[in-house]
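Visitor: Please pick one part of this model and take me through it closely, including what packs against it and how the criteria are set.

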Amino acid sequence: PEKHDIEVCPTIYQEFISGTTHYRVNVFGEKIYPFSIDTTDLDWRLDITSPVSLCKLDKKLEDKIHTLLSSLNLQMGILDFKVSDKNNKAYFFEVNPQGNFLFLEGLTKFELSNEFADFIVNI
């Protein structure tokens, strides 16, 4: 592409984090439902055959997630992270106030829709 083409296009660039573990973290109120996605692909959404499983995050990361959502005044958020293979840290990419999460139920058989419905009923 021409330099001018890039200059006139609003774009967000994200630092490359090397590693194969991605987290899709679903937060419904106080409850956190993290899923690990293992792939060598840069964008895990392109291949739904990658291994996906419910996982556990450390308390420190969970606390940071709750602090972020609280500061954004969000009761729900779907967050994306990638774990660096260099230092084993989870790097935050984004939070979606109403991100897609039902595909995780289909891939893992974990009844995430029930957890979401419980959250909605009890708001």
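Guide: Helix 2 lies across strand 1, strand 2, strand 4 and strand 5, and runs at about 135 degrees to strand 4. Angles are taken between N-to-C directions, from 0 to 180 degrees, with axes fitted as lines to C-alpha atoms, for helices over the stretch in contact; contact means heavy atoms within 4.5 Å. Helices (H or I, at least four residues) and strands (E, at least two) are DSSP runs, numbered from the N terminus. The model is predicted: local features need pLDDT of at least 70, side-chain atom pairs count only at pLDDT 80 or more, and totals for chains, interfaces and linings use all residues. Residues are numbered from 1 along each chain as its sequence is written, and side-chain values use heavy atoms, with hydrogens and water left out.

Helix 2 covers residues 59–71. Leu61, Glu62, Ile65 and Leu69 of helix 2 are buried, that is, under 20% relative accessible area, where exposed is over 50% and partly exposed in between (1.4 Å probe, protein chains only). Seen down the axis, the buried residues of helix 2 fall within an arc of 100 degrees, so they line one face; the arc is that of the directions from the helix axis to the C-beta atoms. The face turned away from this buried side carries the exposed residues Lys59, Lys60, Lys64, Thr67, Ser70 and Ser71.

At the start of helix 2, a side-chain oxygen of Asp58 comes within 3.2 Å of the backbone nitrogen of Lys60. Just after helix 2, Asn73 has a positive phi of about 60 degrees.

The cover over the buried residues of helix 2 includes strand 1 (21–28), strand 2 (31–38), strand 4 and strand 5. The sheet is open, with 5 strands in the order 3-2-1-4-5 and antiparallel pairing; two strands pair if DSSP finds at least two bridges between them. Strand 3 (52–54) and strand 5 are at the edges with a single partner strand each, so one side of each has no neighbour in the sheet.

Strand 1 and strand 4 pair over 8 bridges, with Arg24 opposite Asp80 in strand 4. Asp80 is buried, at a relative accessible area of 7%. Strand 4 (residues 76–83) and strand 5 (residues 90–96) are joined by 6 bridges, and Phe81 stands opposite Phe92 in strand 5.

Technical notes: Expected span 1.5 Å × (residues − 1). Polar contact = N/O pair within 3.5 Å; in protein donor to acceptor, adjacent residues only side chain to side chain.
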